[in-house]
Amino acid sequence: MSIKSFSAKIFAKYIAKQTRKWSANPKETQLKVFKYLIKNAKNTSFGKDHKFDKIKSYSDFAKHVPLRDYEALKNYVEEVVNGKRDVLWPGLPEYFAKTSGTTSGAKYIPITSESMPMHVNAARDAILHYIAESGNSKFVDGKMIFLQGSPKLQVKNGIKTGRLSGIVAHYVPSYLQKNRLPSWETNCIEDWESKVDAIVAETLPEDMSVISGIPPWVQMYFEKLQAKTEKEIGDIFPNFNLFIYGGVNYEPYRKKFENLIGRKVDSIELYPASEGFFAFQDSQREKGMLLLLNSGIFYEFIKADEFFNENPQRLTIGEVKTGVNYVMIISTTAGLWAYNVGDTVMFTSIKPHRVVVTGRIKHFISAFGEHVIGKEVEEALASTASQFKAQVSEFTVAPQINPETGLPYHEWFIEFDSQPENLEAFANAIDKELQKQNSYYKDLITGKILKTLEIKVIPQGGFNAYMKSKGKLGGQNKLPRLSNDRSIADALNKLDF
């Protein structure tokens with residue numbers, strides 16, 4: 001055992017012990033974060049506008065600080081972008097994480113000197129928890145690859161600006177620098193397909209032990225490796241035993257990955273976003289990711305089916321229950337206040353608090369009142385694909401409200417690696433699984449308001465072609481699983497496959 005591997009085990013035990021302390025006292029931990037946030041931001045423009053000096057309790061906070069999304073916070077953010085100090089958080093942010101918004105154009109999410117370490121430490125701690133539980137630390141001696149955006153940053157009024165993954169690349173610990181791939185030069189390649197080709201060339205001769213990235217883009221990397229060598233990934237990298245991912249649900253990809261690798265490998269799920277690093281998988285034995293209650297983020301939760309009510313009830317960590325779909329609201333050391341991240345989560349445990357991401361509050365289908373969410377379609381498809389021994393590469397779902405003939409239906413666009421022999425039976429099986437997941441959908445089917453879903457097969461590479469046509473191939477970009485309109489469906493239908 002190397003010194004690095006031995007040291008990792010000792011540090012892992014320490015971090016796991018610290019985690020057990022704060023996770024066993026969730027309300028106290030969150031109260032401490034809450035008080036810290038209010039105290040430190042009371043003299044900011046936002047704090048003065050919202051009477052932070054009079055906030056003595058959470059009920060005061062809920063009274064004075066309304067829920068906001070980026071659009072509602074935009075005026076404050078623009079002041080910060082223009083260089084004004086002490087607006088949302090004391091001083092100026094260290095960075096802006098630039099993301100693409102659907103209604104706002106470019107979004108500038110502030111990252112401060114206090115919030116930045118939380119992103120770095122959470123990613124580190126996820127790996128350390130894996131080591132503490134499994135005892136496996138040998139992989140730290142091998143090479144590690146993180147498929148991410150370009151680390152090139154622009155400067156806007158003295159503040160560095162770029163994609164979150166590119167910003168985080170500047171914070172790779174020195175003890176990992178020699179092990180980390182790709183090279184800086186390769187990481188800076190803007191064209192995603194060219195970048196993956198360069199990564200393939202760079203990593204082929206190496207002893208890869210950890211591979212990390214969003215599943216669809218790692219799949220592209222694996223497929224290019226396989227095409228070049230005609231070998232399984234597990235043969236190319238015999239010591240590859242840990243896959244780290246986030247951004248999308250891994251389950252629809254798991255079978256495909258195991259076929260590409262040639263064996264099962266352990267995986268760690270992360271829940272990072274530009275707005276904060278919210279959770280990571282702390283155990284291989286338990287379902288869900290540990291919600292990070294001590295990382296400068298105060299959480300509120302609203303039941304998803306009440307979110308669009310005029311005054312939805314806001315809940316704190318001590319009031320949540322398992323099995324309920326919640327919209328997650330955050331206030332942070334980056335200066336986001338009662339901010340709607342847009343994600344929906346469900347608690348799998350409250351001792352400690354573990355969550356699964358169930359979808360996006362804007363990514364659902366409720367054209368007829370069914371309110372189908374991402375988790376439901378993913379589980380219905382995964383179960384059916386296993387039953388039919390089919391392999392799905394990618395998919396998205398949209399309502400067909402005005403068909404040329406017959407009843408409306410949900411239209412599923414699926415790219416297969418291995419297509420089922422009987423597509424109609426496959427569609428019927430998915431439909432039955434979805435009815436089990438969602439009683440509203442079942443009522444619409446049995447009441448003959450909707451007919452059974454239909455599948456349109458997308459040729460291999462079709463979704464990558466779509467993402468490329470939108471300028472969103474690679475990086476942190478993700479295909480929405482669900483749309484309540486036909487925008488993605490119509491774009492797919494217009495592509496010449």
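Which residues touch the most other members of the largest nonpolar core? I began my notebook with this question, keeping in mind that the model is predicted. In that core of 83 residues, I found that Y299, F301 and W337 touch the most other members. When I looked up where the core residues come from, the largest share turned out to be eight residues from helix α6, which covers residues 116-134. I also noted a second, separate core of 41 residues, which has V200, I211, F413 and A491 among its members. As background I wrote down that nonpolar side chains tend to be buried together in soluble globular proteins.

Next I turned to the aromatic rings, and I recorded 34 aromatic pairs in the structure. Elsewhere I traced a cluster in which ring pairs link Y221, F222, F240, F243, Y245, Y250 and F257.

My last entry concerns an open sheet of three strands, whose order is β18-β19-β20 and whose pairing is mixed. Its edge strands, each pairing on one side only, are β18 (391-400) and β20 (454-458). On average, and with direction ignored, neighbouring strands of this sheet are turned by 25° against each other. I then followed strand β19 (residues 409-418), which runs parallel to β20 and is joined to β20 by five bridges; the partner of W412 in β20 is I455. Finally, I saw that helix α13 (residues 251-261) lies across β18 and β19, running at about 160° to β18.

Terms used:
Residues numbered from 1 in each chain as written. Predicted model: local features only at pLDDT ≥ 70, side-chain atom pairs only at ≥ 80, totals over all residues. Heavy atoms only, no water. Core = buried A, V, L, I, M, F, W, Y, C linked by side-chain atoms within 4.5 Å. Buried < 20%, exposed > 50% of the residue type's maximum accessible area, 1.4 Å probe, protein only. Helix = DSSP H or I, 4+ residues; strand = E, 2+ residues; numbered from the N terminus. Phe/Tyr/Trp six-rings, centres within 6.5 Å; stacked < 30°, edge-to-face > 60°. Pairing = 2+ DSSP bridges. Axes fitted to C-alpha atoms, helices over the stretch in contact; angles between N-to-C directions. Contact = heavy atoms within 4.5 Å.
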